[in-house]
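This report goes through one protein model, shown next.

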Amino acid sequence: MSELTLIIIRIGFLALLWLFVFIVLYSLRSDLFGPKLTPLQRVAVQSQRSRAEAAAQAAPAAAGDAPTTVTERASAGTASGLARRVVITSGPRTGTEIELPETGLTIGRSSSAGLQIKDDYTSNSHAKIVRWRDEWVVQDLDSTNGTFVDGKRITQSTPVRVGSSVRIGTTTFELRR
């Protein structure tokens with residue numbers, strides 16, 4: 001081999017080695033600090049925080065309302081019977097509440113998921129909650145580690161009642177009114 005060929009091979013190998021180092025660093029950065037948010041996602045996160053703060057401030061004021069007001073609200077929620085939000089009950093994001101869109105909710109590690117769960121036991125597109133007739137149904141999207149409803153692994157679309165626990169990876173959540 002000529003000396004020029006050896007130099008080109010060395011430079012190519014060095015470039016490949018640096019590419020590998022940058023890929024590893026990028027992977028570590030996203031694992032440690034989470035995915036980069038688009039401007040639209042930042043606005044959504046800020047509006048969720050402001051709604052949560054407003055609800056927390058309104059809670060003491062609501063405690064002073066007349067009992068009839070509380071009863072009216074409860075009966076209105078019971079009449080529809082459908083869950084309107086997802087509440088995470090255990091896992092890294094315990095206490096997080098998400099409005100349940102009419103179009104359904106995708107759950108997974110992907111930044112495009114409506115409910116993003118970052119752990120080693122969650123697939124990029126792990127599961128989906130969709131409205132079917134007059135109930136919410138959870139579908140496992142061929143995930144590696146499975147989706148569990150009330151402690152049982154599901155293999156097909158399964159109805160989820162209000163208050164039932166759904167576990168994906170290390171995160172458990174419930175549907176609530």
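The text below covers the sheet, the nonpolar core and the salt bridges in turn.

The model is predicted. Six strands form an open sheet with antiparallel pairing, in the order 2-1-11-10-7-8. Strand 2 (97–99) and strand 8 (152–153) are the edge strands, and each of them pairs on one side only. Inside that order, strand 7 (residues 147–149) pairs with strand 10 (residues 165–168) in the antiparallel sense, over three bridges. Val 149 has Val 166 of strand 10 as its bridge partner.

**Nonpolar core**

The largest nonpolar core contains 21 residues. Leu 100, Ile 107, Leu 115, Ile 129, Phe 173 and Leu 175 are those with the most contacts inside this core. At least two core residues come from each of strand 1 (85–90), strand 3 (105–108), strand 5 (127–132), strand 6 (135–140), strand 10 and strand 11 (171–176).

What does Ile 129 touch, not counting residues up to four places away in sequence? The contacts of Ile 129 are Leu 100, Gly 104, Leu 105, Ile 107, Trp 136, Val 137, Val 138, Phe 173 and Leu 175.

**Salt bridges**

Side chains of opposite charge can pair when their charged atoms come close. Four salt bridges are found in a search of the whole structure. Among them are the pairs in the table.

| Pair | N to O distance |
|---|---|
| Arg 131 – Glu 102 | 2.5 Å |
| Asp 150 – Arg 161 | 3.8 Å |
| Arg 176 – Glu 174 | 3.0 Å |

Arg 131 forms its salt bridge with Glu 102. Arg 131 belongs to strand 5 and Glu 102 to the loop between strand 2 and strand 3, so this pair ties together parts 29 residues apart in sequence. Arg 131 counts as partly exposed, because its relative accessibility is 34%. Glu 102, at 56% relative accessibility, counts as exposed.

The side chains of Asp 150 and Arg 161 also meet in a salt bridge. Asp 150 is in the loop between strand 7 and strand 8, while Arg 161 is in the loop between strand 9 (158–160) and strand 10, so the pair ties together parts that are eleven residues apart in sequence. Asp 150 has a relative accessible area of 42% and is partly exposed, whereas Arg 161 has 59% and is exposed.

Glu 174 counts as buried because its relative accessibility is 18%, and the cut-off for buried is under 20%.

Definitions and conventions. Residues are numbered from 1 along each chain as its sequence is written. This is a predicted model: local features need pLDDT of at least 70, side-chain atom pairs count only at pLDDT 80 or more; totals for chains, interfaces and linings use all residues. Side-chain values use heavy atoms; hydrogens and water are left out. Two strands pair if DSSP finds at least two bridges between them. Helices (H or I, at least four residues) and strands (E, at least two) are DSSP runs, numbered from the N terminus. A nonpolar core is a set of buried Ala, Val, Leu, Ile, Met, Phe, Trp, Tyr and Cys residues joined through side-chain atoms within 4.5 Å. Buried means under 20% relative accessible area, exposed over 50%, partly exposed in between (1.4 Å probe, protein chains only). Contact means heavy atoms within 4.5 Å.
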